[in-house]
Structures are given as C-alpha cells and as structure tokens.
Amino acid sequence: MTTPKARPAPAEEPQESSEADHLRDLLRKPAYRKVLVFSALIGVPVSLAAFWFLVGLHELEHVMWADLPKSLGWDTPPTWWPLPLLAVAGVVVGLVVTHLPGAGGHVPASGLHAGGGSAAALPGVIIAAVASLPLGAVLGPEAPLIALGGGLALLFRTLVRAPATPESTALLGAAGAAAAISAIFGNPLIAAVLLIEVAGVGGPQLFVIMLPALLSSGVGAVVFTGFGHWTGRDTGSLSVHFPTAPPRLDIGDVVWSILLAACIGAVVHFILIGGRLTARFVAASPFVRTVVCAVGAGGCAALYTVVTGRTPVDVASSGQATLEGLTGDPHAWGVGALVAVLLFKATAYTLCLGSLRGGPVFPALFLGAAAGVLAAPLPGLGVIPGAAAGMAAASAAALRLPVSCVALVVLMLGNSQTIPVVILAAVTSFITSELLPRGPSATTTPPARRDAGGDVARTPPSSRS
C-alpha cells in the first residue's frame, strides 16, 4: 500500500491582498465616506479663500513696490526703500509670534508641514503672512497657504459640529491644505504629490524606492532622447507634441547639469543651516531679533542696489516676478548682476527663513534659475537646460521633496525635452544635501499656550536635514 504524499501547505497570501482588503474595509466605513464627501465640499470655500488671499497679497505687494514709489515721484523704489518696509514686517511678525496662538505659523527654516494648522492659529498665520510677503520678505506664500487650508477645513468641521477624531483631523487638514496649495501652483497634481511627500507617506522607504526609479528614468530618457536624435528612428512611445520647438539636449547639458546640481545642492543646504541658526538666534528674544533680522534682509536689498544700480525688488520679496523677467530675458542680466543677486538674495533668504513667515519654495527656484543662467556660458550648456537644472536642484535641496520638485519644474517649463536634466539635477541635489552634515535644528517650538483652542494634526517637517 502506497502512502499518499502529503499535500503542500497552501502558500501564505501575499501582503498586497491583506492591504487591499484593508482598503476595501476602510472604504466601506460610513465615517470614512463622510470624510471624503466633506473633503469634496470644503474644496470650494478653501479654494476661494486661497484665491482671494493670493490676490490680496499680490495687490498689496504691487502697491508697496510700484504704486507707492511712483506716487512719491520715483520710477523705481529708491535704495533705502526695503529698510522701513521690512522693519514694519519685523515688528508685526514679532508681535504675532509673541502674542497670538500658533506664533504665525511654522518657521520657514524647519521646512513645509502638512499638519499643525488649527482654527485658533488662522488669524496669526494670515497677519504674519500679510506683514511678511508684500513688504519684502524673501519667502513664498506656500507655507501660509497650507496652514490656511488646513485651518479652514478644521474650522468648517467645527461649524457643522462634525465629530473630531485624530484620523479625521489629519485627513481634513491634508485635504484643506491640498485645496489651498493647488491655487499657487496652478495644478492639483502638484498639490497632491507635494503633500504625499511632505506628510512622509511611506517614510524613508518612499525615498529608498523613488530615488532609483527617478534616477533610472532620467538616465533612460537621456538614452532614448540621444538615440532618437542620432538614428532618426521613433520608438512609438506615448508623447504629446506642442507647436513650440524646445531645445535639444546634448552631452554637455547633461554633464554640466549634474555638476551644477551638486554645487547648488550643497550651497542651498548650508543656506538652510544658516536659516536654522537664525531661528535659534531669534528664539532667544523673538520680538527684538525678528526686527533685527528683517531689517538685515532689507539691508541686503539696499546694498544690492548700491552695488548694481538695479532695483531692490530683485532681492526683496519671493522672486516670483523677478524669475519671470530673468527667464524671459536672461541676457539682460550681466555676470556682475547675477553674482550680486545670488549673494545678496541668498543672505536675505537665510535671515528671513529664521525670522519671518512664508515658504521656502519661490526664493529657492529663483536662486537656482539665476545660478543656471550664470553657468550657461560653460561650453556645451544652454541657458534653458542650465536654468531648468538649477531650479530643480535648488528646490530639491530646499524642500527635500525630489518627486514634487521634478513635477513642479517640468510643469513650469512646459516642455518635455528638459525632463532628463530636471530629474538628474533633482536627484543629484537631493543626495548631495542628504549626505552633508545635518547641522542644528530650529529650536523654535512655541509654548503650549499657543496651541490652545484648536485641533492640531502634528506631522514632521519635510526638511530632514
């Protein structure tokens, strides 16, 4: 009699199956479906609030830097103009930090945050942003927008008396922030990708997986682009063709972009360390030292005007409008002006990162573009690839969010030919900045009383240096 062979034990179900079951169970829960519906509904008022917030900032900035000087008889702001404006900004932000809940929002030197917003902190966030950004702070509006969107979402939940749980606080805060941040970047995809990375979804494992994927896709794009030009053959890949003629990349663009990205990543990394040191300096005496740093940033803009004879607006403010002028007519900037704007704006950026309120994205994009234009005369490097690589490298080093920075720069440029150098520059800069010494943290945690009165979903900042 033959003994029957034992049947093999059934293999364990893969982890993906259990995760899929968990997702289906979550979608079946009425509480989660209510959060989804509420998130869709709050997108309308949050987007409207973000729109008018940005319009107000833009109009006030135009009044302060264009209309008011002209009404006083100057075609452009005089040399000393940034000093009183940023002094006022320092006074207002110093009062907000020392007296209002939430301290006016996160210190920019600590990176972007997906959470931490609350309804109680909204007045301070708005006042600090209105005092900082239109008056010349070298910061962008993205961090106040994230806090505004998250805080409004939680405020609406309170108004409709919806139940407050840690899960709903985190979800609604992220949903409100995404609705607000899409207003400044003009694209909901960037908002979603940005918040995925800011919130740390997947933790360090996300970057372990994404960096090789980004790097291989960038190198693959270089290879396919090169073979397409060299052989004249088409692989039949999915693509969209625009009527414009973007520049063709060559080996010089690729090599110089990688070297440029490593240098920019190191410089921006140390700028952020300087910003965190500034934040520690300010924390010892918030009001007085906030004013001192703000006036110092104004002094950088004034000295730039003395040295170059150009407008102080080149150094003051976020750099959004100046970036449009730089990329629109890069040859209008001489080598001396580019070197001066890089030095003075980087110094003002460092001071504002640790003292005033705003976001780190826009000034980093301008500094990267200016560095790329300055390096463009290198043999084999064009202006557009240089600026593209510079923006990708600077933003990736400032935010530590390489995927978001690639998406942002690619959509800003509006062409596909520069995607390889954007990817390679972002990955190179990210790795360079991560391998450098971390430096001190920004020890500016506000006292417990400032968080009272609101639901706060705390998440780590995006900057891990």
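**Close-up views of a predicted model**

**View 1. Residues lining the largest cavity.** In this predicted model, the largest cavity is lined by F185, I190, L194, V361, L399, S404, C405 and L408. The space within this cavity amounts to about 40 Å³. One cavity of 30 Å³ or more is counted in the structure. Sorted by class, the lining comprises seven nonpolar residues and one polar residue, with no charged residues.

**View 2. Helices contributing to the cavity lining.** Two helices, α7 (188-198) and α15 (402-413), each provide at least two residues of the lining of the largest cavity. The greatest contribution is that of α15, which supplies three residues. The lining as a whole includes I190 and L194, as well as S404, C405 and L408.

**View 3. A nonpolar patch on the surface.** The residues V63, L68, L72, W74, W80, L83 and V295 make up a nonpolar surface patch. Together they present about 550 Å² of accessible area. One of these residues, L72, lies in the loop that connects α2 (30-71) with α3 (82-99).

**View 4. The salt bridge between R310 and D314.** Two salt bridges are present in the structure, and one of them joins the side chains of R310 and D314. The distance from N to O in this pair is 2.9 Å. R310 is classed as partly exposed because its relative accessibility is 26%. D314, by contrast, has a relative accessibility of 5% and therefore counts as buried.

**View 5. The salt bridge between R400 and E434.** Here R400 is paired with E434 in a salt bridge whose closest N and O atoms lie 3.2 Å apart. The pair connects distant parts of the chain, its two members being separated by 34 residues. R400 is located in the loop between α14 (383-399) and α15, whereas E434 belongs to helix α16 (residues 419-435). Which class of accessibility applies to R400? With a relative accessibility of 0%, R400 counts as buried, since buried denotes under 20% relative accessible area. E434 reaches 27% relative accessibility and is therefore partly exposed.

Definitions and conventions: Residues numbered from 1 in each chain as written. Predicted model: local features only at pLDDT ≥ 70, side-chain atom pairs only at ≥ 80, totals over all residues. Heavy atoms only, no water. 1 Å grid on protein atoms, 1.4 Å probe; cavity = no way out; pocket = protein on both sides within 12 Å on 5 of 7 lines; lining within 4 Å. Points joined across faces, edges and corners; volume = space filled by probe spheres on them. Helix = DSSP H or I, 4+ residues; strand = E, 2+ residues; numbered from the N terminus. Nonpolar A, V, L, I, M, F, W, Y, C, P; charged D, E, K, R; others polar. Patch = residues over 30% accessible without salt bridge, like charges linked within 9 Å, V, L, I, M, F, W, Y side chains within 5 Å. Areas by Shrake-Rupley, 256 points an atom, 1.4 Å probe, with all protein chains shown as cover. Salt bridge = Lys/Arg side-chain N within 4 Å of Asp/Glu carboxyl O. Buried < 20%, exposed > 50% of the residue type's maximum accessible area, 1.4 Å probe, protein only.
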